[in-house]
Amino acid sequence: MTAPLVTRVAKADAASVADAARVLAAGGLVAFPTETVYGLGADATDGRAVARLYQAKGRPAFNPLIAHVADLNAAQALARFDADATQLAAAFWPGPLTLVLAKAARCPVAELATAGLDTVAVRVPDHKVARDILAAFGKPVVAPSANRSGHLSPTTAQHVLADLGGRIDLIVDGGATPVGIESTIVACLGEPVLLRPGGLPRAAIERTLARKLADTPAAGADDAPLAPGMLDSHYAPRTRLRLNTRRVESGEALLAFGPTPAEGAGRAKSVLNLSERGDLIEAAANLFSQLRALDAAGASAIAVMPIPADGLGEAINDRLARAAAPR
Ligand code: TXA
Ligand code: MG
C-alpha cells in the first residue's frame with residue numbers, strides 16, 4: 001500500500017479544470033462529474049496511472065475500463081466503428097452511451113485498461129466539466145465510476161470523498177450528476193448486443209438501429225463474460241434489500257416510488273421516494289444517493305417498491321437486482 005494522499009476538492013471552474021489536466025498529465029487520479037455518475041479519471045495511455053487507479057478503487061484488474069474522449073474523431077483513433085456504431089455515435093454522442101468496439105490498429109489505450117482484450121469501451125460524455133477536462137488534457141481518459149469496487153456509484157462529490165478520500169489526488173465538484181445511473185453499454189462487434197442497461201433507454205437505441213438489441217449471454221456462461229464488470233453484487237449497499245414490495249416490516253427503511261403509499265410506511269425507520277410523481281428519469285437521478293442515505297439509517301433491511309420496467313426502469317431494476325444479490 002502506498003502512503004495516503006491528500007485529496008483536494010475544488011469547485012468546477014477554469015482553474016480546477018486546468019489543475020485536473022495537470023494532475024492527469026502527471027499520472028495522477030482525478031474524480032470529475034459526467035452526466036451519468038462521477039468518474040475516477042486517469043491517463044488512458046499511461047499504464048502506471050491505470051495501475052494506480054485500479055489500486056485506489058480496489059478493483060480486480062480483469063475488469064476493463066471505459067476510455068472517455070472529447071468527440072467522435074478522438075474515438076476513431078482508439079476503435080474501429082462499424083455501420084451500427086457509426087449510427088449510434090451520430091445519434092447519441094455526446095451522451096450516456098458506451099460502445100464496445102474492436103481496437104484500432106494503433107490504439108494508444110494501455111493494455112491494463114482493456115484487461116488484455118482486443119476490444120475497447122469508448123464514450124463521449126455530455127457534461128461541461130468532463131468535456132472541458134478532456135479538451136484541456138487532449139488525450140483519452142479512462143474513468144470507472146469513482147467509488148471503491150463493490151460500492152454504489154457516486155452522484156455527488158461528497159460521495160466520492162467519502163469513498164476515495166486519501167486515495168486520489170483531486171475531486172472536481174460540479175454538483176449532482178443529472179442522469180444518476182451509469183451509461184448504457186452496447187457492443188458493436190457484429191450483431192449489436194446490450195451489455196449493460198443504463199442512462200440511455202434500450203428503446204431509443206432500437207429505434208435508431210431499426211431492430212432489436214440482443215441481450216448479454218447469461219452470466220456464468222462458458223464463453224468469457226462480455227461485460228466482465230457486471231458482477232452480480234457490483235452495486236452493493238451494506239443493508240439487505242427486499243425488492244418489489246408494497247409493505248414495510250418493522251425495523252425496515254423504505255425506498256418508495258410513485259404517489260401510492262406503501263402499507264406500513266408509517267413504521268419505517270426512514271422513507272425516501274425515488275419519484276413521487278412516478279417519473280423514471282427523476283428516479284434514476286435519485287437512485288444511488290437515496291440508497292446510500294437509507295443504507296446509513298441502521299435499518300434491518302431496505303424495502304423497495306416495484307419500479308416499472310420500461311424506459312430507464314430497465315437500468316434501475318438492473319442496479320436494484322445487483323444491490324440485492326447475496327454476497
Ligand atoms: O456512465 C458510465 O459509464 C461511468 C462514467 C464515469 O462514465 N463509468 C462507468 O465505468 O460506469 P465502470 O468502470 O464502473 O463500468 C464500465 C463497465 C464495466 O462493467 C466493464 O466490465 C465494461 O464497462 N467494459 C469495459 N470495457 C469493456 C470491454 N472491452 N468489453 C466489455 N465490457 C467492457
Ligand atoms: Mg462502476
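Visitor: How many residues of domain 1 are in contact with domain 2, and how many residues of domain 2 are in contact with domain 1?
Guide: In this predicted model, the protein chain is divided into domain 1, covering 8–215, and domain 2, covering 241–324. The centres of domain 1 and domain 2, taken over C-alpha atoms, are separated by 27 Å. The contact between the two domains involves 22 residues of domain 1 and 14 residues of domain 2.

Visitor: Which residue of β15 is the bridge partner of L254?
Guide: Strand β14, residues 253–256, runs parallel to β15, and the two are joined by 3 bridges. For L254, the bridge partner in β15 is V271.

Visitor: Why is the pair of F81 and W93 edge-to-face?
Guide: The structure holds 1 aromatic pair, and the ring centres of F81 and W93 are 6.0 Å apart. Planes over 60 degrees apart count as edge-to-face, and the planes of F81 and W93 stand at 80°, so this pair is edge-to-face.

Visitor: Where in the chain are F81 and W93, and how many residues apart are they?
Guide: F81 is in the loop between β5 (79–80) and α4 (83–92), whereas W93 is in the loop between α4 and β6 (97–103). F81 is buried, with a relative accessible area of 17%, and W93 is buried as well, at 11%. The pair links distant parts of the chain, and its two residues are 12 residues apart.

Visitor: How far from the sulfur of C188 is the closest cysteine sulfur?
Guide: C188 is buried, with a relative accessible area of 3%, and C107 is buried, with a value of 16%. The structure holds 0 disulfides, and a disulfide would need the two sulfur atoms within 2.5 Å. The closest cysteine sulfur to that of C188 is in C107, too far for a bond, at a distance of 16 Å.

Terms used: Residues are numbered from 1 along each chain as its sequence is written. Chains are lettered from A and ligands numbered from 1 in the order in which they are written. This is a predicted model: local features need pLDDT of at least 70, side-chain atom pairs count only at pLDDT 80 or more; totals for chains, interfaces and linings use all residues. Side-chain values use heavy atoms; hydrogens and water are left out. Rings of Phe, Tyr and Trp (its six-membered ring) pair if their centres lie within 6.5 Å; planes under 30 degrees apart count as stacked, over 60 as edge-to-face and the rest as tilted. Helices (H or I, at least four residues) and strands (E, at least two) are DSSP runs, numbered from the N terminus. Buried means under 20% relative accessible area, exposed over 50%, partly exposed in between (1.4 Å probe, protein chains only). Two strands pair if DSSP finds at least two bridges between them. Domain bounds come from an automatic or database domain assignment. Contact means heavy atoms within 4.5 Å.
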